[in-house]
Amino acid sequence: AAVKRYQFDIVVRNVSRLCHAKPIVTVNGRFPGPTIYAREGDRVIINVTNHGQVNMSIHWHGLKQFRSGWADGPAYITQCPIMPGLSYVYDFNVTGQRGTLWWHAHIFWLRATVYGAFVIMPKQGDVYPFLQPDQEANIVLGEWWNADVEAVEMQGKQLGLPPNMSDAHTINGKPGPLFPCSEKHTYAMEVERGKTYLLRIVNAALNDELFFAIAGHSMTVVEIDAVYCKPFSTDAILIAPGQTTNVLIRADRTPGRYFMAARPFMDAPITVDNKTAAAILQYRGVPTTVLPSLPSLPAPNDSAFATGYNDKLRSLNSPRFPARVPLAVDRRLFYTIGLGVNLCATCVNGTRLAASLNNITFVMPKVGLLQAHYFNMKGVFRTDFPDRPPKPFNYTGAPLTANLGTSLGTRLSRLAFNSTVELVLQDTNLITVESHPFHLHGFNFFVVGRGVGNFDPAKDTAKFNLVDPPERNTVGVPTGGWATIRFRADNPGVWFMHCHLELHTTWGLKMAFVVENGSGPEQSILPPPKDLPTC
Ligand code: C2O
């Protein structure tokens, strides 16, 4: 195994998109930021120096951080932010993982511009358990706001209003030619006829699940969230914020120029923003004057496609890459996901929207929860997060418009080391139903079941897939439905869990687990690094 070192300088740069120039926060002046390359088993050391004006913190999304929670990155959860002028070294091992993950700022809405791919190659000499591609490319999907993103975030926070939607979706930071002034901001990938390509697709958008397709070319899905899956072919993929998907494509069409495109999936009864990002698959030698053809993407509200697509996702579950699904469950949790309101003196209507789990809107602490846990600081958090909602109701029935007040708290749930956990995430119709990509830090989990309506233990448990369910770090809880995940709590530390729609996280759709140390060797949190930021 090798040691891979990176220097991340946080600097503000002027970037122009959609006929607007504005200063944005970047890593090393690049947008999107640099790709990190490592191999399974490597140690990765990234020195982040904040030359900007605002606090910073970076999360390595999907990296398990076994015992190294200090390097996980969510601000006020595993560390205090890196203040302007200061540095922090993220130092961790990439153990037992290979595939596509990504990294992003984990403070305010800074991940709008501070993000990049994290590519973990198999160990030297290992091959992919599928057709070896001739070449690889990263396709990182994102969102662009013409407005200052911090101001957009504040609309939601201080005024209590739903903030502006983004003005464009992007592919590798570029919206593509369907937007004004964007001819030159179009990503193009050159391919050679007859060759096979591995696309590493990341959804780094803040608030939109996306469909992605390539005109004339089907894709073979081979990996999701850095876990190999049973290959299947599809004309479009669905990818939620936080998720990654590797696909193989073969450049076997009439040499030409073909659009790749991404646009939102949105089946909730809310405004659809339909801003299609486009990039070009360019066959070598074809003149750039040839007009590309658009792929057909599923309709924005095509829930049937979404369900069918998700049902095809299965772990590879081969002798080399077995799916280690916990068959016995030590701890059963049931969390409702809902919207509601809280009183707010500074807000336009005197209230603001609040999102909650089991009716609790998470309040961010003033110091890092991991420090508070490690050093036994009192009064920072409680560990009485309820295992189920206060009282059951018809979760997905008619919209509930009464009793929407949520309670506030920094409440965590404590898990015994190595215990197996089953968690049902149940969407509710408080104000409205909506889909929620849920991300758990520190672990992969198995998605043993998903469905629409209310989770019914008697009926739905019997249908769980305990053989080859998809293993991932972010699951889309369907609109007006539920998803059940299982994982083994074998990583001691404090681990954030939240909706990866940034808007919902801002409204409090988050909580954290405290996983106790085990009693054996190498079963406890490593000591904190000397340069750990202070608040
Ligand atoms: Cu990619 Cu806590 O997030």
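Predicted model: local features only at pLDDT ≥ 70, side-chain atom pairs only at ≥ 80, totals over all residues.
I start with a definition: the domain bounds I use come from an automatic or database domain assignment. The centres of domain 1 and domain 2, taken over C-alpha atoms, are 22 Å apart.

**Entry 1: the whole protein**

I looked up the overall build. The protein has five helices and 32 strands. I found three domains: domain 1 covers 1-126, domain 2 covers 130-315 and domain 3 covers 331-515.

Next I checked the size. The C-alpha atoms fill a box of roughly 65 × 55 × 55 Å along the principal axes. The radius of gyration is 22 Å, and this agrees with a compact globule of 535 residues, because such a globule would have a value near 24 Å. I also noted that 51% of the 535 residues count as buried.

How many of the contacts between residues at least 6 apart in sequence join residues at least 24 apart? I found 77%.

**Entry 2**

I reminded myself of a rule. Strands of a sheet pair through backbone hydrogen bonds, either parallel or antiparallel. Strand 5 and strand 7 run antiparallel and are joined by four bridges. What is the bridge partner of W60 in strand 7? I found W103.

I then followed the loop between strand 2 and strand 3, where P32 is found. The peptide bond from F31 to P32 is cis. Its omega is near -10°.

I moved on to strand 19, residues 277-283. This strand is mostly covered, with five of its seven residues buried.

Strand 11 (residues 188-191) runs parallel to strand 19, and four bridges join them. In this pairing I noted E190, which stands opposite Q282. Strand 18 (residues 257-265) pairs with strand 19 in the antiparallel sense, over six bridges. Here M260 has A279 as its bridge partner.

**Entry 3: M219**

M219 lies in strand 14, residues 219-224. Is M219 buried or exposed? It counts as buried, because 22 other C-beta atoms lie within 10 Å and the cut-off is 20 or more.

I listed the contacts of M219, leaving aside neighbours within four places in sequence. They are I214, S233, T234, I237, V247 and I249. M219 and T234 are 15 residues apart in sequence, and their C-alpha atoms are 5.4 Å apart in space.

**Entry 4: T346**

I found T346 in the loop between strand 20 (331-343) and strand 21 (351-357). Why does T346 count as exposed? The reason is that T346 has 10 other C-beta atoms within 10 Å, and a residue with 12 or fewer is exposed.

Q158 is 188 residues away from T346 in the chain, yet their C-alpha atoms are separated by 6.1 Å.

**Entry 5: two asparagines with positive phi**

I looked up N359 and N376. N359 has a positive phi of about 70°, although it is not a glycine. N376 also has a positive value, near 55°.

I noted where each one sits. N359 is in the loop between strand 21 and strand 22 (360-362). N376 is in the loop between helix 3 (369-374) and strand 23 (407-409).

Which is buried or exposed? N359 is buried, because it has 21 other C-beta atoms within 10 Å. N376 counts as exposed, because it has 8 C-beta neighbours inside 10 Å.

How values were computed
Residues numbered from 1 in each chain as written. Pairing = 2+ DSSP bridges. Rg over C-alpha atoms; globule rule 2.2 N^0.38 Å. Contact = placed C-beta atoms within 7 Å.
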